[in-house]
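User: I'm new to reading protein models. Could we go through this one together, one question at a time?

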Amino acid sequence: MSDTNQLLKLKDESFVDYHVRLFDNKDEYKIDSHRIAELLNSEYGSKYDESKWRKDYAQYCKWKSYFVEKNLDEEITKKHEEIRIESEKERIRKQDQRREYQKLIREQARIEHVRDEMIKELHKINKKKPIKWNKKDNYQSENGREGLLVLSDLHYGLFTNNHWNKFDNDEFINRMSRLVTKTIEHGKNNKVSTLHLFMIGDLINGLIHQVTRIVNTEDAVSQTMSVSEILAEVIGTLSDEFDHVKVYNCRGNHDRVTPNRKDEIAKESFNDLIPWYLKTRLKDSENVEFVENEIDDEIIIADIAGNKVFAAHGHKDKINNIAQNLTMMTKQFPEYIIMGHYHHHEEKEIHDVEVIINSSFSGVDEYAKDIRATSKAAQKFIIFTKEDKRLCTYNILLNK
């Protein structure tokens, strides 16, 4: 065995045997306890100082003769084995920590890669098709009416074709066009000057389930860039028709970076790239305001014509307890709470708080069909006033 190789752990040698061999032969190997500590830490994946390994070896020497004399007494042997197992468990824990850290780095790098790609596309699109603000002398509302357009569960990139629903990227464009047309129509009829736009998650179909990946027409990166551009043009159109457009955003569950919910990092979501893209594309639209979430990235809090309106995607909430939970969490009292996620229309009043669930934009998919949960594809446009509170709700049907 060469001088270098004799310092390495042998193929079938246990870590404990390796530890003992190094100290037993340190004079022959011409190494000291500091060098031994370096070798053991490298093999073990730790950063202990030399005294730890030296003292462990000293304990071994202390008990060695006793083990021999007692022929490895069963109780002592059992204790020795427990120590060995704990040592091995600690090594495995450190390996797991390193692996999780590397996973985090990979996911962050993926988000940064998507942003880099979006920057390249933005430069191209801004030159080729800039969004110009066509300032108009729009009506100034004298009745204090403000509108709220709720966008949830768009699931761009989803493909489905069944008896109840046909949905793909072309149909996405058709539905969005109808939604924008009806929003402008209802807004003008009600003389709305300020439009609030809630984007409350699942704007892309993402990659969270195996069945989701099968029915996607694009990967999550392409979905994010495509839906961002579509929404930029939508908001640009709305900004031409309303005096003031206020845009809010919160995350859903389909837009998370990692497929496995248990691995989810709340701060890592494809959804976060969409507002960033929109701000860049709509920088010349002077009447578009992007409202940041002050308390939490997943909770929208807005004042609409003097009414306090909360919104969340809904994947972490139930309709029966969301009012209580959000009130306790924020120490604020909403009058209305808007949710998505459940893919159907529903409303419930909880202690004077009206909870409103928005329908799905994408409609019945394979999962909904299989669990016998069909519903209409629709989105809500709500009119608020200070005096009458929620004046009316338009449930705009999209797959007529």
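**Helices, cores and loops**

User: Is the crossing of α1 and α3 left-handed or right-handed?
Analyst: Handedness has a simple rule: if the near helix is turned anticlockwise from the far one by less than a right angle, the crossing is left-handed, and if clockwise, right-handed. For α1 and α3, the crossing is right-handed.

User: What pLDDT do side-chain atom pairs need to count?
Analyst: Residues are numbered from 1 along each chain as its sequence is written, and side-chain values use heavy atoms, leaving out hydrogens and water. This is a predicted model, where totals for chains, interfaces and linings use all residues, local features need pLDDT of at least 70, and side-chain atom pairs count only at pLDDT 80 or more.

User: At what angle do the axes of α1 and α3 cross?
Analyst: Axes are lines fitted to C-alpha atoms, for helices over the stretch in contact, and angles run from 0 to 180 degrees between N-to-C directions. Helix α1 covers residues 15–24 and helix α3 covers residues 33–44, and their axes come within 10 Å of each other and cross at roughly 165°.

User: How is α1 oriented relative to α3?
Analyst: Angles under 35 degrees count as roughly parallel, over 145 as roughly antiparallel, 65 to 115 as roughly perpendicular and the rest as oblique. The axes of α1 and α3 cross at roughly 165°, so α1 is roughly antiparallel to α3.

User: How many residues of α1 are buried?
Analyst: Buried means under 20% relative accessible area, exposed over 50%, and partly exposed in between (1.4 Å probe, protein chains only). Phe15, Tyr18, His19, Val20, Arg21, Leu22 and Phe23 are the buried residues of α1. That leaves the helix mostly covered, with the buried count at seven of its ten residues.

User: Which residues does leucine 231 touch?
Analyst: Contact means heavy atoms within 4.5 Å. Leucine 231 is one of the residues with the most contacts inside the largest core. Setting aside residues up to four places away in sequence, it touches Leu151, Leu154, Met176, Met199, Leu203, Ile274 and Leu278.

User: Are α6 and α8 roughly parallel or roughly antiparallel to each other?
Analyst: Their axes come within 11 Å and cross at roughly 20°. The contact includes Phe172 and Met176 of α6, with Leu231 and Val234 among the residues of α8. With that crossing angle, α6 and α8 are therefore roughly parallel.

User: What is the orientation of α8 relative to α9?
Analyst: α8 and α9 have axes 9 Å apart and pack at an angle of about 45°. Because of this angle, α8 lies relative to α9 in an orientation that is oblique.

User: Is serine 362 buried or exposed?
Analyst: Serine 362 sits in the loop between β11 (353–357) and α11 (366–370). Beyond its neighbours within four places in sequence, its contacts include Asp153, His155, Arg175 and His343. Its relative accessibility is 0%, so serine 362 counts as buried.

User: What is the phi of lysine 191 near?
Analyst: Most residues other than glycine have a negative phi. Lysine 191 is in the loop between α6 and β4 and is exposed, with a relative accessible area of 53%. Its phi has a positive value, near 55°.

User: And which value is the phi of arginine 372 near?
Analyst: Arginine 372 is in the loop between α11 and β12. At 70% relative accessibility, arginine 372 counts as exposed. Its phi is also positive, near 60°.

Notes. A nonpolar core is a set of buried Ala, Val, Leu, Ile, Met, Phe, Trp, Tyr and Cys residues joined through side-chain atoms within 4.5 Å. Helices (H or I, at least four residues) and strands (E, at least two) are DSSP runs, numbered from the N terminus.
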